[in-house]
Amino acid sequence: MKDNIVSTSALRREYGEVVAVRDMAFSVPRGAVMALVGPNGAGKSTLLKMLSAVLEPTRGTAVVNGVDINEDPRGVHSSVGFLPDFFGLYEELTVEEYLEYFARAYRVPRGRRENLITRTLADVDLAGKAGSRVQALSRGMRQRLAIGRTLLHEPPLLLLDEPASGLDPESRHDLQKLFTRLSRAGKTLIVSSHILTELEDYCTHVAILREGCLVACGSLAEVRASIVKKRRVRVRAAGSQEGALQLLRAAGLENPAVEGASVFFDFSGNDEELAAVLKRLLDGGVKVLHFGEEGGGIQDTYLASLEKKL
């Protein structure tokens with residue numbers, strides 16, 4: 001049985017007649033980096049607020065790091081670092097003072113604060129900015145500082161709502177590197193974002209939401225398999241593509257066709273069967289330069305999910 005850090009059961013949140021999150025049941029394995037994707041109004045922010053125990057569910061519940069969000073919300077707070085989509089920073093404080101303030105708020109023992117703040121500044125690449133005022137930081141630095149705030153009480157789970165919103169490409173890349181480091185350090189992350197192509201670089205799992213409903217949830221491979229029934233495969237051979245095309249047609253593969261300098265075909269079999277296709281090409285004398293699945297990432301899976309009925 002997997003060690004799940006998050007498990008939800010019939011989790012629901014209503015705002016009057018509007019159902020923001022509709023009876024969700026899913027789990028997140030410890031150590032995963034889960035992408036939470038969906039259009040505006042899908043329920044992502046509401047879900048993260050409930051998981052962080054700052055918003056009560058209308059009914060249902062979730063267990064976060066072994067603690068029920070309804071029975072012991074303060075216990076959940078000690079296990080979660082939550083960054084909402086809109087967060088405030090105290091502009092007149094220095095970076096170090098800002099983290100000191102939150103370390104006290106998290107009740108970090110006095111004797112541990114200095115070392116913990118120093119380590120956190122290093123973790124978020126702000127060690128050289130400890131004495132700078134918050135108001136002087138770039139947007140990317142401010143975002144990393146806010147994430148640093150969530151790390152001070154050493155939670156095993158980080159819930160980050162649109163952390164890359166409004167950042168330039170370089171700052172988003174810095175953020176990706178930070179998430180990768182945090183994952184390697186053993187943190188579990190649930191990250192909500194609209195920048196789907198970048199999520200693919202560091203996420204291991206995905207949850208797709210639409211109109212308050214959970215469309216799919218699991219590892220990237222599991223979710224893709226549940227939504228996308230056919231894979232698009234590209235073959236590129238040295239020289240003419242005609243030999244590869246004829247062998248693929250003879251093998252009875254779906255819709256083989258030359259497009260540019262490659263041959264594409266649709267494939268609904270498993271990985272072993274796909275490997276057999278490659279072997280057939282090689283045995284047939286085709287000098288294969290490239291053989292692989294096109295797409296298959298979070299963005300392609302999400303776009304395919306839009307065709308799935310709720």
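**Entry 1: α5 and α6**

I looked up the handedness of the crossing of α5 and α6 and found it right-handed; a crossing counts as right-handed if the near helix is turned clockwise from the far one by less than a right angle, and as left-handed if anticlockwise. The model is predicted: local features need pLDDT of at least 70, side-chain atom pairs count only at pLDDT 80 or more, and totals for chains, interfaces and linings use all residues. Residues are numbered from 1 along each chain as its sequence is written, and side-chain values use heavy atoms, with hydrogens and water left out.

I noted that α5 packs against helix α6 (residues 169-184) at about 20°, with the axes 9 Å apart. α5 is therefore roughly parallel to α6, a term for angles under 35 degrees. Axes are lines fitted to C-alpha atoms, for helices over the stretch in contact, and angles run from 0 to 180 degrees between N-to-C directions. Helices (H or I, at least four residues) and strands (E, at least two) are DSSP runs, numbered from the N terminus.

I listed the residues that meet: G140, R144, I147 and L151 of α5, and S171, D174, L175, L178, F179 and L182 of α6. Contact means heavy atoms within 4.5 Å. I sorted the residues of this contact into six nonpolar, two polar and two charged. Ala, Val, Leu, Ile, Met, Phe, Trp, Tyr, Cys and Pro count as nonpolar, Asp, Glu, Lys and Arg as charged, and the others, Gly among them, as polar.

**Entry 2: α3 and α5**

I then examined helix α3 (residues 95-105) and helix α5 (residues 139-151), whose axes come within 9 Å and cross at roughly 30°. α3 is therefore roughly parallel to α5. I recorded V95, Y98, L99 and F102 of α3 and L145, G148 and R149 of α5 as the residues making the contact. They divide into five nonpolar, one polar and one charged.

**Entry 3: a sheet**

I traced an open sheet of four strands in the order β13-β14-β12-β15, with antiparallel pairing; two strands pair if DSSP finds at least two bridges between them. The edge strands, β13 (254-259) and β15 (288-294), each pair on one side only. I found four bridges in the antiparallel pairing of β13 with strand β14 (residues 262-267), and E254 has D266 in β14 as its bridge partner. Helix α9 (residues 242-250) lies across β12 (231-237), β13 and β14, running at about 175° to β13.

**Entry 4: the chain**

I counted 11 helices and 15 strands in the chain. Of its 310 residues, 47% are buried, that is, under 20% relative accessible area with a 1.4 Å probe, protein chains only.

Notes:
Parallel < 35°, antiparallel > 145°, perpendicular 65-115°, else oblique. Buried < 20%, exposed > 50% of the residue type's maximum accessible area, 1.4 Å probe, protein only.
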